[in-house]
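This briefing reviews the structure shown below, from its overall make-up to selected contacts between its parts.

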Amino acid sequence: MQPLLRVEERTAACFGRLRAAWRVAHEPVAGVSRRLRLVAYAVPLTVLPSSIWRLPAAFDGGIGLGERAYIVFLSIMSEVFAFTAIGLIARWGEVFPRWVPFLRGRRVPRKAAVIPAAAGATILTLLFTVLFIASEIRGTTIRGDDLPAGSPSQATGWEAAWFYVCYVPLILWGPLLAVLTVAYWKRRRAAERMPAAA
């Protein structure tokens, strides 16, 4: 009975640490409106359907190990990059977390967050919003080539519906990130000016 209690205590402690880490990663800083929090939390959710949609292809019998690894890596990294949008509303986007060597506890320079976020928002908007919509209207790939045989966008019925349900949310990734970037820049600028004015 004693070993079972220890296992339960360790499990409870592990879940407690996970819950605390989740709270720290998602807790917004003061001055972030509820709307901006919802926008930030929506970014990883716009990427999740396409990441899940790709995963079955990794286990298709006709592809090699390298392609499988690439598909899984692409899905995971897409979610990781989407999660960084939450840093634009959370404390770890303003002060380096304690696990970052040499920088822990220091303020994140405003430009160090705004420039990559603005570049990402621009690229994502061009890639997924403008080019995706234009290529779907023209019936070509993003590069302008003819669609290959078996392209998901050429499917019909529920397969086509499933493809669009999973990939259309990506259209929002760039614009949502742009909204968060502008709000972050304004909030940080106002916070940095306040002590000088006082």
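**Overview of the predicted model**

The protein has an accessible surface of about 13,200 Å², and carbon and sulfur atoms contribute 70% of that area. The model is predicted. Its secondary structure consists of six helices and zero strands, and the order along the sequence is α-α-α-α-α-α.

**Burial and contacts**

- Buried residues make up 31% of the 198 residues of the protein.
- Among contacts with a separation of 6 or more, 69% join residues 24 or more positions apart.

**Packing of H2 and H5**

- Helix H2 (residues 34-58) packs with helix H5 (residues 157-167) at an angle of about 135°, and their axes lie 7 Å apart.
- H2 is therefore oblique to H5.
- From H2, the residues Pro 49, Ser 50, Trp 53 and Arg 54 meet Trp 162, Phe 163, Val 165, Cys 166 and Tyr 167 of H5.
- This contact of H2 with H5 comprises seven nonpolar residues, one polar residue and one charged residue.

**Salt bridge**

- The count of salt bridges comes to one.
- Arg 187 and Glu 94 form a salt bridge through their side chains, with an N to O distance of 3.0 Å.
- Arg 187 belongs to helix H6 (residues 173-197), whereas Glu 94 lies in the loop between helix H3 (65-83) and helix H4 (110-138); the pair is 93 residues apart and links distant parts of the chain.
- Arg 187 counts as buried because its relative accessible area of 14% is under 20%.
- Glu 94 is likewise buried, at 11% relative accessibility.

Note on methods: Residues are numbered from 1 along each chain as its sequence is written. This is a predicted model: local features need pLDDT of at least 70, side-chain atom pairs count only at pLDDT 80 or more; totals for chains, interfaces and linings use all residues. Side-chain values use heavy atoms; hydrogens and water are left out. Helices (H or I, at least four residues) and strands (E, at least two) are DSSP runs, numbered from the N terminus. Buried means under 20% relative accessible area, exposed over 50%, partly exposed in between (1.4 Å probe, protein chains only). Contact means heavy atoms within 4.5 Å. Accessible areas come from the Shrake-Rupley method with a 1.4 Å probe; for residues, only the protein chains shown count as cover. Axes are lines fitted to C-alpha atoms, for helices over the stretch in contact, and angles run from 0 to 180 degrees between N-to-C directions. Angles under 35 degrees count as roughly parallel, over 145 as roughly antiparallel, 65 to 115 as roughly perpendicular and the rest as oblique. Ala, Val, Leu, Ile, Met, Phe, Trp, Tyr, Cys and Pro count as nonpolar, Asp, Glu, Lys and Arg as charged, and the others, Gly among them, as polar. A salt bridge is a side-chain nitrogen of Lys or Arg within 4 Å of a carboxyl oxygen of Asp or Glu.
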